[in-house]
Amino acid sequence: MHTILETHDLKAYYISQAYGVRRTVKAVDGISLAIQENEVYGVAGESGCGKSTLLKVLLRMVTPPLTVVGGEVNYEVGEQMQNILTMSEVEFRDLRWKEISYLPQGSMHVLNPVKRIRDTFRDFIKAHTTLSTREMDTLARDYLHELGLPDKVIQSFPHQLSGGMRQRVTIALATILAPRVVLADEPTTALDVVVQRGVIQLLEEIRLRSKSTIVLVTHDMGVHANFSERIGVLYAGKLIEEADTQTIFNHPVHPYTQHLIRSLPKLDDKSIRLSIPGKPPALDNLPGGCSFHPRCPYAMEKCKIETPPLELIESGHRAACFLVSGQ
Amino acid sequence: MPELHSEETLLQVEGLTKVFTIRHGLASTRFMAVDHVHFSIQAGRPEILAIAGESGSGKTTLAQMILGLVEPTSGNLFFKGRNITHLPARERRAWFMKEVQPVFQDPFSAFSPLKKVESYLYETALNFGVADKKNVDTHVDNTLGTVGLSLREIKGRYPNELSGGQMQRVAIARALITNPSLLVADEPVSMLDASLRMSIVNTLRDLKEAHKVNVIYITHDLATAFYAADRIAIMLRGWVVELGSVEQVLGQPLHPYTQILKHSVPEPDPAKKWKEKVVLARAETEEFLRAGCKFATRCPRVMDICKQDVPPDIWIEGRLIKCHLYTESPASGDNPLASS
């Protein structure tokens, strides 16, 4: 096990200016993480906490108003770590899709409606390899077959397939070149539970087959419990807790994580579950100190002034809270 | 036979069916979105009935027929003993709409962004004549109180100034303004964040317990259905395949589809990971049009008969199951339409 992707104090803000008023949305605010080879790293958090922006920066999809203000995103390329944010476009083109792949949110709608699946696959493979048409078709057919998708799919138009099937075809498309890192943004959201399970099954198969690393962003803690091996919890653009899945679910230490886990309904328990009071903060107008302090039942004076740093509290478990750092 | 529908039944759904016709050039396909659905809700004993199923199972169409927003193709609806299937618009407004109120999925698209949110509450109160100009403020404030808000908090605010959870509670308060006996809530929490979701589900539980309001809670989320509801109906391609108390149906599901559905819910517990694999449907339309059981191609316990005959509705220990597996066992209970 070694690190394949790491970020150092990554800061990416949406900076816009209208009528002389400068607005800064701190969507990714000082995130440092290290993702190991062949693991499933889950990123959890509510909408508007910066999950999707983090993924965009990891894929270097940084277009204004999104601006990287500081930090590095390093991938292991060959034998050494390289910062993709300082690479030239030509250098990065060799990595995109072949080494680093991306499943955007709502990816079942990305297939071209007037093209057969086969032609979409051809277009995609052609842009990145020098295979002949026949080789491309064989590659696509074999790969879909290996992933357990029916053979008829390849000659269908997208409208002939169900939503779950389209989603899985898109996942197959994004991973056909055996990328080492797959960044998946809410791949199971808006799908039915049975289809959701099928999609997770497929991602697991891809991980075993191509030894890929998967970064899974979703707000659904049930999916994290099932699939992620380690989880990072984001709140207001910051990583506030990170540990292996067992620890996050069984012994969370940050009050936000504790509340989040406790509020989840379970299929065998009807006891009252309470929501976290208040609402997530707006990222352009964060409260001072710890962003969670207005909702936190244990907030102290210190929390309103200082931002708690993310600290290692035990092996493999990091948290950003003054309650646990013991200062 | 209206004399059979006493005042004791709040809502009775009898063989409700909606057929949509899809045209392809000259040919057309008839497509049963809701296919002979029966169930009832008793008066005097408030309950939350969850209707759960995948997308395309017909749960929203069923809700819209109950609300009178979609005309049923066949079947009957009785509310407090009266047949409301083809109620004239005037009577619908004067009586039925006071009694049955909707809550929709996305509160931000249900409310105009250019109107202050409290105007919806005032308009509903005045239009339905539940309050007059003098006491409307108190009525609105009291109703907001039942969902944990106050008029002071939302007065003069526009939808964008409130959070999703607050807006959904305003939407529920709007529905409660007319003092309805039944709320039909179509996916009221699926747009909300996990940390706010439970506040809405708790509001529904509280409405039932403290304010005696019945709720039809439509959802695809079995975990919140189990948490909030008393009974649950599982829908599959227009059919109700299993109906009973949540403890029965989700505790020990009998229908193979309910079993798969239950095991596919990602439980927020790393000790309960999925083990075996599932078979997915290739396209929705294929399943709708299939002869015999609509679940036959995905069912792990499929028999020959399943591919030919539509399974009958069977009653086992107070729950309804639509499956050939249980046809041999003796049906118990003589009144299949009564709730358990």
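Let's start with a sheet in chain B: 4 strands form an open sheet, in the order 2-1-4-5, and the pairing is antiparallel. Keep in mind as we go that this is a predicted model. Which strands sit at the edges? They are strand 2, residues 27-42, and strand 5, residues 82-83, of chain B, and each of them pairs on one side only.

Now look at strand 1, residues 9-24, and strand 4, residues 74-79, of chain B: they run antiparallel and are joined by 5 bridges. If you'd like one pair to find on screen, V13(B) has L77(B) in strand 4 of chain B as its bridge partner. Packing on this sheet is helix 1 of chain B, residues 59-67, which touches strand 1, strand 2 and strand 4 of chain B. The direction of helix 1 makes about 65 degrees with that of strand 2 of chain B.

Next, let's go to where the two chains meet through helices. Helix 6 of chain A, residues 193-210, packs with helix 11 of chain B, residues 256-264, at an angle of about 55 degrees, and their axes are 8 Å apart. Helix 6 of chain A and helix 11 of chain B are therefore oblique to each other, and their crossing is left-handed. Who touches whom? From helix 6 of chain A we have V193(A), V194(A), Q196(A) and R197(A), meeting I260(B), L261(B) and S264(B) of helix 11 of chain B. Sorted by class, that contact has 4 nonpolar, 2 polar and 1 charged residues.

Finally, a word on chain A. An unreviewed UniProt entry lists residues 5-261 of chain A as "domain: ABC transporter". That span is 35% helix and 30% strand, with its end C-alpha atoms 27 Å apart.

Conventions: Residues numbered from 1 in each chain as written. Chains lettered and ligands numbered in written order. Predicted model: local features only at pLDDT ≥ 70, side-chain atom pairs only at ≥ 80, totals over all residues. UniProt positions renumbered as here; feature names shortened; annotations may be inferred. Axes fitted to C-alpha atoms, helices over the stretch in contact; angles between N-to-C directions. Parallel < 35°, antiparallel > 145°, perpendicular 65-115°, else oblique. Left-handed = near helix turned anticlockwise from the far one by under 90°. Contact = placed C-beta atoms within 7 Å. Nonpolar A, V, L, I, M, F, W, Y, C, P; charged D, E, K, R; others polar. Pairing = 2+ DSSP bridges.
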